[in-house]
Amino acid sequence: MLTDIQIAQQAKMLPITAIAEKLDIHADELLQYGTDKAKLTHALEERVAGNPDGKLILVTAINPTPAGEGKTTTTVGLGQAMGKLGKKAVIALREPSLGPVFGVKGGAAGGGYAQVVPMEDINLHFTGDLHAITAANNLLCAMIDNHIHQGNALGIDLRRVVFKRALDMNDRALRKITIGLGGKANGMPREDVFQITVASEVMAILCLATDLDDLKTRLGNMLVAYNFAGEPIYARDLNAQGAMTALLRDASLPNLVQTLENTPCIMHGGPFANIAHGCNSVRATRLALKLADYVITEAGFGADLGAEKFFDIKCRKANLKPDCVVLVATVRALKYNGGIPKDQLTAENLDALKVGIVNLQAHIENLKKFGVPVVVAINRFYTDTDAELALIADTCRSLGAEYALSEVFANGGDGGVELAEKVLCAADSGKSDFHVLYPDELSLKEKIETVAREIYGADGVEFAAAALRNMEEIERLGYREIPVCIAKTQYSLSDDPKKLGRPSGFTVHIRDVALSAGAGFAVAYAGDIMTMPGLPKRPAAEGIDVAKDGTIQGLF
């Protein structure tokens with residue numbers, strides 16, 4: 001079979017103006033980047049603001065495994081299938097980060113015959129959004145250290161600078177660094193930290209801001225340090241928000257691209273779900289809802305991370321009300337959760353599937369706690385047997401969840417028609433009674449405990465002294481009513497990546513809690529999760545090359 005990039009390079013793309021016409025977007029409402037991608041302007045947002053909202057469909061998944069689940073592939077294929085059924089649908093996705101593209105995870109444009117194109121552009125520089133976010137982040141860092149160097153009028157305590165530098169690349173050597181070495185002319189020496197751009201608060205703010213004014217206000221509200229008296233210093237105290245907004249002006253606009261079958265796709269923002277909130281931008285989702293009858297979006301990693309944060313952070317903040325949630329599962333991944341090694345997943349093993357299917361059960365039960373109808377998408381592989389597929393179907397029926405086979409990787413939209421029909425029925429049923437998991441009034445500690453108990457299945461939460469101290473400080477500053485964003489491993493419902501299936505009898509360990517005042521949430525760090533990943537022993541970058549004619553090779 002052809003590789004993903006070979007399939008993508010054979011795509012018959014339409015001019016982006018033709019894709020825009022499918023959504024009744026005028027040519028003068030586009031900021032074009034060549035012929036195959038464009039940004040959607042503020043003028044378009046203003047013109048369609050009075051349109052009724054379409055139906056909002058979230059695609060999520062069971063806990064990810066090395067076997068792969070195909071969440072983005074399912075999202076893209078579902079959008080293509082709705083096109084086959086004559087529905088006015090648009091896909092709303094996140095943008096990929098260069099870190100996993102050159103590392104181990106891969107890109108975020110789907111796979112097989114359910115991809116978003118131009119695939120190379122999307123997975124590399126695209127329209128420059130992540131570069132702009134990196135630049136804006138590091139401008140603020142430069143202004144902090146320059147202020148200290150130029151006399152430190154705000155009395156910034158060098159030991160309590162909390163804002164981190166960013167880079168859109170996996171580089172473990174930058175996790176802990178020392179800056180300002182080399183004498184007086186080079187600034188004040190201090191310890192510093194890099195995080196990957198998709199984990200930065202600037203990324204979170206871009207994805208939660210509703211317009212440029214809101215973006216500027218949120219940037220100014222970022223907590224950057226404390227002074228020697230223990231009082232907070234915000235980005236606005238350094239007058240950084242205006243210049244940062246200037247760098248982010250175009251990056252704040254959603255991007256329009258297309259699938260292999262010319263289905264419109266709005267792609268914007270890209271926070272990871274294990275170390276950030278895992279959803280595309282509010283502006284992209286809201287605009288999509290005004291342009292189409294059905295909007296298919298996704299949230300990162302498993303439902304315990306991406307879906308929970310989509311509901312409890314994004315929907316809460318943006319007043320979104322999803323109509324249906326699609327839960328992606330595979331026979332292979334469930335057998336892996338049942339203890340079968342990756343190299344043995346192709347053989348039928350009903351016993352292992354029975355053990356691992358508890359992971360699917362947990363996610364179905366968790367999603368129902370939000371009051372949204374659930375449809376399970378069984379992402380079919382050619383090695384799946386009828387008996388294995390029947391076992392998953394029986395489990396879905398026993399839990400009152402609709403289900404359908406999905407073969408969009410191999411067959412594109414045609415392979416997702418059954419799934420699309422089930423999703424349309426659920427979304428149009430009017431049965432969604434969406435609600436968030438916890439009220440604003442709970443303390444930060446109670447919110448973390450609620451997520452750990454209700455979604456992860458933990459017996460309790462153990463808070464390190466630093467976490468307790470920081471939560472008390474955050475609430476003292478007036479941020480008690482913000483939601484929590486828990487940074488946790490994606491591989492397990494627990495905070496231990498080795499605990500597969502549906503672990504029980506465990507305690508979640510919160511080592512620290514940090515305030516993201518501009519984004520409007522508190523980040524709780526569980527276990528050993530890191531905000532700057534490293535490259536694997538053989539990074540994907542080693543297999544990527546460019547031919548003499550400029551054709552990129554080896555990109556998946």
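**Briefing on a predicted chain**

At 43% relative accessibility, Ala 347 counts as partly exposed, a class lying between buried (under 20% relative accessible area) and exposed (over 50%), with a 1.4 Å probe and protein chains only. The model is predicted, so local features need pLDDT of at least 70 and side-chain atom pairs count only at pLDDT 80 or more, while totals for chains, interfaces and linings use all residues. Residues are numbered from 1 along each chain as its sequence is written, and side-chain values use heavy atoms, with hydrogens and water left out.

**Around Ala 347**

- Ala 347 sits in the loop that joins α13 (331-337) to α14 (350-356); helices (H or I, at least four residues) and strands (E, at least two) are DSSP runs, numbered from the N terminus.
- Apart from neighbours within four places in sequence, Ala 347 is in contact with Lys 335 and Glu 388, where contact means heavy atoms within 4.5 Å.
- Ser 443 lies 96 residues from Ala 347 along the chain, and 48 Å separates their C-alpha atoms.

**The chain as a whole**

- The chain has 20 helices and 25 strands.
- Its radius of gyration is 23 Å, close to the 24 Å that the globule rule gives for 556 residues, so the chain is as compact as a globular protein of that length. The radius is taken over C-alpha atoms, and the rule is 2.2 Å times the number of residues to the power 0.38.
- Along the principal axes, the C-alpha atoms fill a box of roughly 70 × 55 × 50 Å.
- Buried residues make up 59% of the 556 in the chain.
- Of the contacts with a separation of 6 or more, 75% are between residues 24 or more positions apart.

**Helix α9**

- Helix α9 covers residues 212-220, and its buried residues are Asp 214, Leu 215, Arg 218, Leu 219 and Gly 220.
- The elements covering these buried residues include α8 (201-208), β13 (232-234) and α10 (241-248).
- Where α9 starts, a side-chain oxygen of Asp 211 comes within 3.2 Å of the backbone nitrogen of Asp 213.

**Phe 409**

- Phe 409 belongs to helix α17 (residues 408-411).
- With a relative accessible area of 35%, Phe 409 is partly exposed.

Conventions. Polar contact = N/O pair within 3.5 Å; in protein donor to acceptor, adjacent residues only side chain to side chain.
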